[in-house]
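I opened the notebook to look up a handful of local features in this structure. My notes follow in the order I took them.

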Amino acid sequence: MLFVYANCLKKRMMSNNNPKHKFLLFFLLFTSLSWAQNRVSGRIVDEKNKDLSKVDIFINDNKAPSFTTTTGNFVVESDSIITKLKFSRKNFTPETIEITPENAENIFVQLSQAKVSNIQEIVINTAKTKYKNKKENPAYTIMQKVWERKRNNGLEKFDTYSYKEYEKTQFDLNNLDSTFMKKKIFNKLDFIFDYADSTASGRLGLPVFLNEAVYENYGKNKPDKDKKRTLVAQKTSGFQDNQVITVSAKNLYREINIYDNILNYLDIGFQSPAGSDGFATYDYNLVDTINIRGEKAFHIRYQPKRKDILAFQGNLYIDTDTYAVMGATLKSTQKINVNFVNSIYTQLEYDNPDETTFLPKKLVTEIEMSPFSKKKGSKSVIAKRSVDYSNYEFNKPLDPSVFKRKEEEYEDDFVKKDDIYWTKARPDSLSKSEQGVYNMLDQLQQTPKFNRIVKLFETLGSGYYNGVKGLDFGPIFSVYGRNNVEGDRIRLGARTYFGLNDMWRIQFYTAYGFKDQQFKYGADARYMFNKLNRFMIGAGTSRDIVQLGGQLTNGDGVTTRPLSTSTFFARGENNSLSSVNQTSVFAAIEPWKNIQIRVDGVMQSIKSANLELFNLMYYQNGRLRKTVNDSHVTISVIAKPGARFSQTGIDRYQSSNLAPTIVLRYTRGIEGLFNADFNYNKVQFMFSKPFLIGTLGKTIVNFEAGKNFNTVPLALQNIIPANLSYGLSPSAFSQLNYYEFVADSYTTLHLEHHFNGKILSYIPLIKKLKLREVAFIRGAYGTLSDASKAINVEGFKYSAPSEHIYYEYGFGIENIGFGNLRIFRIDFNWRGNYLDRPDISKFGIKAGFQLGF
């Protein structure tokens with residue numbers, strides 16, 4: 001058996017039809033000689049003695065490369081004789097070296113640029129065999145057997161298991177040229193290009209971010225299931241405290257299983273070439289029968305039947321005996337319709353220990369992103385992630401303590417390791433360019449101009465401007481607002497901020513309305529005692545004008561201002577605003593991962609912000625009241641199973657994925673406590689989750705239900721949320737007016753399906769615009785008792801959607817823009833019923849920016 005090791009095993013497929021650049025995971029077996037030379041090492045450089053990567057190395061007379069280097073250094077080991085090595089790289093003259101025991105160590109290989117006259121004509125045959133039907137295609141017979149014997153991840157079959165995971169994430173600026181390097185923005189920063197490296201295109205690539213992480217994984221299946229993934233080491237180049245870059249790196253990648261029908265990339269579904277319905281999307285061609293790691297395998301090349309759908313092209317390597325997937329490459333088409341993304345490339349390797357299971361061995365994913373252009377050669381960022389799985393152990397006794405969360409695992413020092421540790425932990429040593437990232441970022445952080453650029457992007461990404469150490473001002477996007485009560489409104493705020501893992505936070509704001517000439521304010525403070533169970537306490541107070549009923553299942557925070565308060569760009573005037581004075585305290589804890597239990601105590605007084613425009617008056621014991629005094633306690637259980645977070649401080653940034661949010665909340669109003677007017681009991685439930693629906697796109701489901709068990713005035717009732725603005729608001733009803741529906745008990749359902757351009761891609765000319773279609777429907781049902789109507793002075797105005805389910809429907813067009821910048825969306829909304837009501841809107845258009853892939 002042949003073993004090939006290199007300082008970096010990352011391989012990239014260059015051309016499906018040119019064998020010199022084909023990525024292969026197989027090696028030919030040699031005739032074994034016990035005395036033969038079986039280890040060769042050396043260095044590969046260009047004419048300027050600069051390390052040369054992406055060199056194909058051929059052993060003896062093999063016609064396929066054994067591997068492709070990503071550094072200048074290489075090591076080859078074999079149980080069989082190595083008599084010669086051939087080194088080949090695009091646009092360079094190949095070199096062949098005879099191997100003897102005397103010259104096998106520290107070979108120096110220098111490749112020269114090939115002259116045009118030396119390049120012979122290359123004929124690439126891209127024609128595919130035509131078959132009358134898929135059953136005549138031999139590849140179809142092979143894939144049928146793959147589907148029949150679909151394998152599961154082997155971790156599910158063992159009583160216990162453990163393994164190590166090494167992850168490397170790197171961002172590179174790509175396609176740099178001399179014109180770009182001379183731009184004024186790089187004045188005093190030009191030293192960074194000393195760390196750039198030539199790419200296969202002849203342009204420069206500059207590594208700007210590198211993160212290494214080591215995880216230990218433990219799991220058990222019997223007698224009960226449990227698993228744990230612990231980050232034991234992490235090393236990041238220069239951006240440990242940068243929110244934008246850290247969160248962006250976490251959000252790009254998902255775990256994939258080649259046997260699944262749909263592969264999740266960026267929360268968008270791509271058809272898997274090894275899925276059981278792959279023939280509906282792909283054409284398959286059996287290329288050859290080859291050897292991979294000493295095993296015979298079918299080499300099947302696949303490509304999508306249509307180039308403008310979310311699918312891949314590449315190669316599958318199928319074991320000829322067991323029909324297991326041994327490896328695969330997946331490359332997106334040139335017409336990929338994903339925002340900011342030019343291309344996606346993935347390489348997968350699997351071990352197959354038995355007839356029914358597989359184990360991941362290696363995963364490499366490269367995502368090329370550009371903010372504006374999809375043109376080949378445009379300036380872009382290549383985000384690379386490679387994961388090596390090793391040290392698998394099965395059915396060994398595991399101490400129950402390994403599954404328990406430990407407080408030290410959340411400390412910053414827990415993941416800090418020295419260079420000796422990283423040298424041993426890496427499957428391959430870092431390339432010269434990767435090593436340079438750490439040095440370059442250290443040098444950049446001493447440069448004021450670079451720090452100013454980083455601060456600009458940090459401000460735009462977080463919404464806060466860091467004015468002095470430990471103090472941020474913002475949110476900058478909430479500085480100005482307008483409504484019918486306050487007129488023009490200015491809001492200024494700030495927060496403490498020392499780093500991502502702060503254990504405490506203080507926030508405050510003040511606002512002024514030029515029409516009512518009133519100052520408003522809000523402030524809160526929170527402290528977290530430990531990161532293990534995230535036990536924290538907090539308190540806050542506010543006096544402000546707010547839009548009650550902006551959402552049904554809302555929290556009791558005091559520094560978050562509802563956006564619906566502003567009617568700067570909306571239909572009609574928003575007169576139904578309330579003046580709220582509130583003081584609150586809370587305590588929260590996570591006894592289990594991603595499950596929070598929170599208790600809030602709130603004291604508040606609520607009245608109309610302008611009695612001439614909006615009436616909140618009610619009757620209590622025969623007396624007419626205009627202010628509601630309320631004291632209540634709320635117990636909430638908030639679950640986000642499967643969610644991932646980018647840090648461990650009091651404020652966490654959730655990475656985007658398909659994790660659901662589930663909220664169960666009970667509120668108890670206590671009459672007499674701090675002069676409160678009412679006893680009441682309220683229960684609320686909320687479920688929200690996106691679902692990938694095969695190749696048809698993604699459906700977002702939001703379901704809410706709740707009930708007030710007692711009679712309360714309008715200020716404490718459940719208001720079916722409305723959106724009068726011309727902007728997008730996913731949890732509100734676009735064609736309702738504020739307070740149009742009020743309910744003691746309610747249920748609402750929002751369904752929104754994103755087709756990802758599947759329908760419009762069939763329409764000539766339109767498909768060139770790369771627009772995507774969205775369809776949605778929203779419904780609400782509820783009841784309102786006569787007692788709840790009678791308690792309010794104008795209770796006759798209010799009703800619930802009890803006669804029929806109120807519904808809205810419509811469609812939207814998203815992905816509007818140019819190049820890769822397609823972040824605009826426009827929705828067309830129709831009101832389905834209750835059309836005889838006065839002052840309603842039967843049809844409306846909403847528009848806004850929608851950041852996402």
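The model is a predicted one.

**Entry: a lysine in a strand**

I looked up K362 and found it in strand β21, residues 357-369. Is K362 buried or exposed? Its relative accessibility is 6%, so K362 counts as buried; the cut-off for buried is under 20%. I then checked its side chain. It makes a polar contact with the side chain of D388, at 3.0 Å.

**Entry: an open sheet**

I traced an open sheet of 4 strands. The order is β4-β3-β6-β7, and the pairing is antiparallel. β4 (67-68) and β7 (95-98) are the edge strands; each has a single partner, so one side of each has no neighbour in the sheet. I followed β4 to its partner. β3 (residues 56-59) pairs with β4 in the antiparallel sense over 2 bridges. I57 has F67 in β4 as its bridge partner.

**Entry: nonpolar cores**

I noted the background first. Nonpolar side chains tend to be buried together in soluble globular proteins.

Which residues touch the most other members of the largest nonpolar core? I listed I258, F270, Y284, I300, F312 and I318, out of 53 residues in that core. Helix α1 (residues 138-148) gives the most to this core, with 6 residues. Domain 2 (155-252 + 398-462) and domain 3 (269-371) each supply at least three residues to this core. Apart from this core lies another, of 33 residues, with L616, I719, A743 and Y798 among them.

I went back to F312 for its contacts. Leaving out residues up to four places away in sequence, F312 touches a list that includes L263, Y265, F270, Y282, Y302, L330 and I344.

**Entry: aromatic pairs**

I read off 38 aromatic pairs in the structure. I took F158 and F394 to begin with. Their ring centres are 3.9 Å apart and their planes stand at 20°, so the pair is stacked; the cut-off for stacked is under 30 degrees. F158 sits in the loop between β9 (152-153) and β10 (160-176), F394 in strand β22 (residues 380-394), and 236 residues separate them. F158 is buried, at 14% relative accessible area. F394 counts as partly exposed, at 25%.

Y284 is in strand β16 (residues 282-292) and Y302 in strand β17 (residues 295-304), 18 residues apart. Both are buried. I also found them in one aromatic cluster with Y140, W147, F279 and Y282.

**Entry: backbone checks**

Most residues other than glycine have a negative phi, and most peptide bonds are trans. I looked for departures from that.

Where did I find cis peptide bonds? One runs from K222 to P223, with omega near -5°. P223 is in the loop between β12 (204-220) and β13 (226-236). Another joins G474 and P475, with omega about 0°. P475 is in the loop between β24 (470-473) and β25 (480-483).

L266 is not a glycine, yet its phi is positive, about 60°. L266 is in the loop between β14 (262-265) and β15 (268-271), and it counts as buried at 6% relative accessibility. Q517 also has a positive phi, about 55°. Q517 lies in the loop between β27 (504-513) and β28 (518-528), and it counts as exposed at 56%.

Terms used. Residues are numbered from 1 along each chain as its sequence is written. This is a predicted model: local features need pLDDT of at least 70, side-chain atom pairs count only at pLDDT 80 or more; totals for chains, interfaces and linings use all residues. Side-chain values use heavy atoms; hydrogens and water are left out. Buried means under 20% relative accessible area, exposed over 50%, partly exposed in between (1.4 Å probe, protein chains only). A polar contact is a pair of N or O atoms within 3.5 Å; within protein, one must be able to donate a hydrogen and the other to accept it, and residues adjacent in sequence count only if both atoms are side-chain atoms. Two strands pair if DSSP finds at least two bridges between them. A nonpolar core is a set of buried Ala, Val, Leu, Ile, Met, Phe, Trp, Tyr and Cys residues joined through side-chain atoms within 4.5 Å. Domain bounds come from an automatic or database domain assignment. Contact means heavy atoms within 4.5 Å. Rings of Phe, Tyr and Trp (its six-membered ring) pair if their centres lie within 6.5 Å; planes under 30 degrees apart count as stacked, over 60 as edge-to-face and the rest as tilted.
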